[in-house]
Amino acid sequence: MHYFNFKKGNLYCENLKVKDLASKFDTPLYVYSAKTILGHFSKLKNAFSTLKPLICYSVKANSNLSLLKLLISQGSGLDIVSGGELYRAKKVKCSAKKIVYASVGKTDIEIRDAVKYGILMFNIESLPELERVNKISKELKKKTKVALRFNPDVKPGTHAYITTGKKETKFGMDEETVKSIFASRAKYSNLSIVGIHMHIGSQITKGEPFVKTFKKANRVIRELKRRGVKLEYLNIGGGLGIVYDNEKPQTAKEFAKKVLPLLKESGLKIVLEPGRFIVGNAGILVTKVIYLKETDQKNFIIVDAAMNDLSRPSLYSAYHKIISLAKAGSKKAIKSADVVGPVCESGDFLGKERKISVKSDGLIAVLGAGAYGFSMSSNYNSRPRVAEVLVKNKKAYLIRKRENYQDLIKGEIVI
Ligand code: LLP
């Protein structure tokens, strides 16, 4: 479900013509639809309503303050992974009691800030981290709630770089370690170890890996209960896949149907950490064609956005649909061409062998760019980061200014 549709041959975001947004805010430009974001949030909320879970939107997917604020206004909490994300959460006044914090490498400063802020829970990824959070909590005279991230050794069926639930990855702890920590929980006087956390990977389109994971979790939970451990939370992470190409990902409802019985069986409060599912299809990257370059070997549509603006195609060979803002009409689609940016490497592409009808100066949109698009963008090739616009209540709001050349060198020191 999304609100990017063609009307009379022109692409619209909700009620606004994307072409007009490009004229007003220039390109490259990220355009988001608030209705789409809220729609996805409610879909998930409704699908799981019988459990009344805490939904903590995963900030890393798209960390723009306006999007965070929008989601918080609907009751969302936040899943953070760094001090910088905690800073953002504070800026949008997210209730501390709705913040969960994962990451394999939390530093002392990051831990201290989060303990002081009184976040709901740390998701602990290793024994040394557990000890560190206990030590810092003691120094601050606080009792901190934590969940242990359980690595279930389940294959999520996604790209290797975003697989996190296999035992050879750096994430979480195996069953034995989790159990032994619970057995020695009295040692950690400044911690309440109250939950199990899991996140097996991202862009998972099938229910089966989740089902396997939750079955394993329930087994561990049952055993812990038998041993007298009192648990409060089961955090099932994020990972729900979306449509980029012709995937048929499970809907929130189908997902819930498969996993609700298992989650109920756990008897615990459920936390969800969706990122991509909420914002992925709520954003597009609008870019302008600079040149059409034809060679004997290949044709290239050279556009003003590049791998620094949207790195997913280069990094994960990810497929994003690319369309012309104006529907083809009588124009002929150009022969198959690679859509590439100006960055100086051959890995700089947004799409390969696409058939798109455009001319020089024409506008095209890369779809499904709302998640891990802007948030992973960089200044590589000294390219200022692009502007972001949110369409909300029939209006377009600039929610991040385009950077300029001064921004590029801010903080640099010439000696
Ligand atoms: N919870 C934890 C602990 C995570 O590490 C992640 C994502 C999420 C939740 C949210 O996952 P989602 O619902 O968005 O799948 N840059 C990659 C994706 C990296 C995902 C990292 N962790 C990409 O562009 O595909």
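This is a predicted model: local features need pLDDT of at least 70, side-chain atom pairs count only at pLDDT 80 or more; totals for chains, interfaces and linings use all residues.
The buried residues of helix H4 pack against strand S6 (77–80), strand S7 (99–101) and helix H5 (108–117), where contact means heavy atoms within 4.5 Å, and where helices (H or I, at least four residues) and strands (E, at least two) are DSSP runs numbered from the N terminus. Residues are numbered from 1 along each chain as its sequence is written, and side-chain values use heavy atoms, with hydrogens and water left out.

Staying with H4, which spans residues 83–91, its buried residues are Glu85, Leu86 and Ala89; buried means under 20% relative accessible area, exposed over 50%, and partly exposed in between, with a 1.4 Å probe and protein chains only. They cover an arc of only 105 degrees around the axis, which puts them on the same side of H4, the arc being that of the directions from the helix axis to the C-beta atoms. Just after H4, Lys93 takes a positive phi of about 55 degrees.

Next, a helix pair. How do H2 and H3 pack, and at what angle? Helix H2 (residues 34–47) and helix H3 (residues 65–72) have their axes 10 Å apart, at an angle of about 45 degrees; axes are lines fitted to C-alpha atoms, for helices over the stretch in contact, and angles run from 0 to 180 degrees between N-to-C directions. That makes H2 oblique to H3, since angles under 35 degrees count as roughly parallel, over 145 as roughly antiparallel, 65 to 115 as roughly perpendicular and the rest as oblique. On the H2 side Ala34, Ile37, Leu38 and Phe41 take part, and they meet Leu67, Leu70 and Leu71 in H3.

Thr27 and Pro28 are joined by a cis peptide bond with omega of about -10 degrees, and Pro28 lies in the loop between helix H1 (18–25) and strand S4 (29–33). Ser103, in the loop between S7 and H5, has a positive phi near 130 degrees and is buried, with a relative accessible area of 16%.

Finally, the loop between strand S10 (191–197) and helix H8 (208–226) holds Lys206, which is exposed at a relative accessible area of 58%.
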